[in-house]
Amino acid sequence: MKLFRLEFLVLLLASVLVVGCIGGGELQDNLYLSVIDANSSTFVAGASVTIYDIDDVLVEERVFEDNGTISLYLPPGDYRVVFNASDYDGFESYVSISGEDVESVEVSLSNIVSCVEDWSCTDWSVCSNGFQRRSCLDAKSCGTNEYEPSQERNCMVIPEAECEEDEECDDSDSCTVDSCVSGNCSNEAVQVCQSGDDCCPLGCAYVNDTDCSEEDFCNSAADCYDADNCTFDSCLSGSCSNPQIVTCKDDDDCCPTGCDHTDDNDCVVIDECDNNADCDDDDDCTNDVCASGEPRECSNTQITSCTNNDDCCPSSCTNLNDNDCSCSVASDCNDSNECTIDTCSGGSCSNTNAANNTSCASGVCCSGSCVSPGCSLGTVESDCGQNTSCMNYTCSNPGTCEAECVEVPFEDNISCGTGGQLCCEGFCVERCNATGGCTNPTPECAESTCIYPGTCNAFCNLTLNHSYCDDQEECTVDTCDLDNGCEYAALDEGTSCVGGVCCDGVCTNAICWEDSQCDDFNVCTIDTCFLPCTESAECYNLPIVICTDDDDCCPPGCNSTNDNDCT
């Protein structure tokens with residue numbers, strides 16, 4: 001691809017450009033264009049230019065002269081300039097023509113183009129708060145914005161006519177040009193540095209406008225400090241210039257319009273939302289969430305789950321699994337269950353159970369499910385089980401939802417088996433009878449006998465024979481214990497017996513078996529049964545000789561000083 005350099009020479013004249021003639025002459029050209037081959041530095045032959053206004057309406061088509069230049073006049077405004085030449089890629093640029101005179105400045109732009117920006121814009125928005133806006137996109141995605149069109153412009157909603165003559169628009173400001181234009185007052189700021197008009201416009205100084213104060217003359221940028229961090233302060237030809245900063249740059253104490261904290265750390269973080277309600281996008285099928293973080297931003301993710309009563313029917317859902325969805329035909333309500341009847345009525349699905357015992361793939365329909373019946377044969381020796389000597393098995397209501405295996409036991413007390421067993425509740429069991437079946441347990445003092453012999457109710461009854469344990473001793477209680485056999489418990493000491501009293505389970509003629517039986521009713525003797533509960537037992541009553549308090553006795557030789565029982 002051949003590259004070419006485009007040079008734009010925009011000459012802003014020092015004299016006022018007025019639509020019409022100036023001093024009887026024609027309007028002066030205010031745009032000069034030239035095309036030069038970047039490789040040979042020669043003018044490109046046969047090049048042409050097409051000029052469109054900001055609304056893409058064709059304004060001018062020209063062919064470059066032999067010297068590779070074009071000069072023409074354009075009314076004030078924004079223009080798109082498109083260059084074309086044989087064997088060259090097209091190139092376009094944007095240029096603004098000002099209708100106000102300022103200091104004569106020549107601007108020469110040169111660019112060796114490898115990627116040609118190709119901008120297209122949406123229509124201008126309606127006028128709001130004095131501005132119209134639009135969005136522009138570079139179709140070539142060059143990543144540059146040298147020729148990016150303006151995306152904002154001033155506008156004015158035309159009210160009813162407020163004037164007929166210029167004099168009606170006098171705002172008493174000598175630095176405005178007061179005029180009545182199409183019924184509306186215009187008070188445009190004077191921008192021409194001209195002595196004797198009682199105005200010192202912005203950018204003028206005493207050197208080129210004696211209406212300005214000599215003190216406003218600047219020598220350096222320091223003289224032009226305006227205390228605004230978002231202006232670039234400079235001194236040009238003795239006059240201050242304070243244009244707005246438009247570049248997003250960290251740490252310059254300025255956050256220009258269009259910048260934010262992501263590309264300029266001088267900008268504050270602006271949250272998009274405070275809570276979920278701020279993120280409502282009026283779409284029932286999105287989850288609207290104000291995400292935490294910095295800044296807080298809205299998230300509106302599509303709902304994909306089938307949930308009842310959330311006012312959303314995702315594309316993968318039906319009325320069967322989400323009552324927010326509607327149906328139109330019965331097939332929309334197919335629940336893949338052969339045992340339900342699927343219907344659509346009023347946009348809602350209904351899946352009612354088919355009649356019980358309706359045939360289905362696995363058997364019959366029962367309560368809306370296809371099941372295999374519990375049994376299908378209705379005869380003895382069925383698939384419910386093998387008959388036994390005391391039990392038959394059969395199938396009730398075979399092949400239906402109510403099918404079930406039924407046990408039919410034989411009558412009780414019918415003989416079964418080969419060992420004298422009986423049928424009892426459908427089982428062949430052993431029971432005791434009159435001839436046996438009860439084994440005598442240990443100890444020997446116990447006996448086992450058969451109750452209801454030869455029937456299903458027969459059982460071995462165990463009895464204890466206490467008389468078996470009689471030891472012929474009248475001072476013992478003789479019993480039969482199932483675990484320990486015969487047990488002999490001695491009667492209480494002193495229990496009367498034929499030969500006297502019981503002592504340790506034996507009948508003796510002992511005269512005493514405890515000390516209380518030797519009481520002589522004398523508080524000053526110690527009464528003792530010596531060798532108690534034996535044939536040698538005797539009572540002793542020894543006198544108290546020791547002076548002891550609280551024994552109810554005052555022995556000889558004691559007194560109240562050593563025995564409180566003495567008075």
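**Disulfides in a predicted model**

With a torsion of 100° about the S-S bond, the link of Cys327 and Cys344 is right-handed. This is a predicted model, where local features need pLDDT of at least 70 and side-chain atom pairs count only at pLDDT 80 or more, while totals for chains, interfaces and linings use all residues. Residues are numbered from 1 along each chain as its sequence is written, and side-chain values use heavy atoms, with hydrogens and water left out.

Q: Why are Cys327 and Cys344 called a disulfide?
A: A disulfide is a pair of cysteine sulfur atoms within 2.5 Å. The sulfur atoms of Cys327 and Cys344 are 2.1 Å apart, so the pair qualifies.

Q: Which parts of the chain does the pair of Cys327 and Cys344 tie together?
A: Cys327 lies in the loop between strand S18 (298-302) and strand S19 (340-345), and Cys344 lies in strand S19, so parts 17 residues apart in sequence are tied together. Strands here are DSSP runs (E, at least two residues), numbered from the N terminus.

Q: What makes Cys327 buried or exposed?
A: Buried means under 20% relative accessible area, exposed over 50%, and partly exposed in between (1.4 Å probe, protein chains only). Cys327 has 9%, so it is buried.

Q: Why do Cys169 and Cys185 carry the labels they do?
A: Cys169 has a relative accessible area of 3%, so it is buried. Cys185 has 25%, so it is partly exposed.

Q: What is the handedness of the disulfide of Cys524 and Cys553, and why?
A: The torsion about its S-S bond is about 115°, so the disulfide is right-handed. The sulfur atoms of Cys524 and Cys553 are 2.0 Å apart. Cys524 lies in the loop between strand S35 (506-508) and strand S36 (525-530), and Cys553 in the segment after strand S37 (538-543), so the pair ties together parts that are 29 residues apart in sequence.

Q: What makes Cys553 buried or exposed?
A: Its relative accessibility is 0%, so Cys553 counts as buried. Cys524, with 22%, is partly exposed.

Q: How many disulfides does a search of the whole structure find?
A: The search finds 35, including the pairs discussed here.

How values were computed: Helix = DSSP H or I, 4+ residues; strand = E, 2+ residues; numbered from the N terminus.
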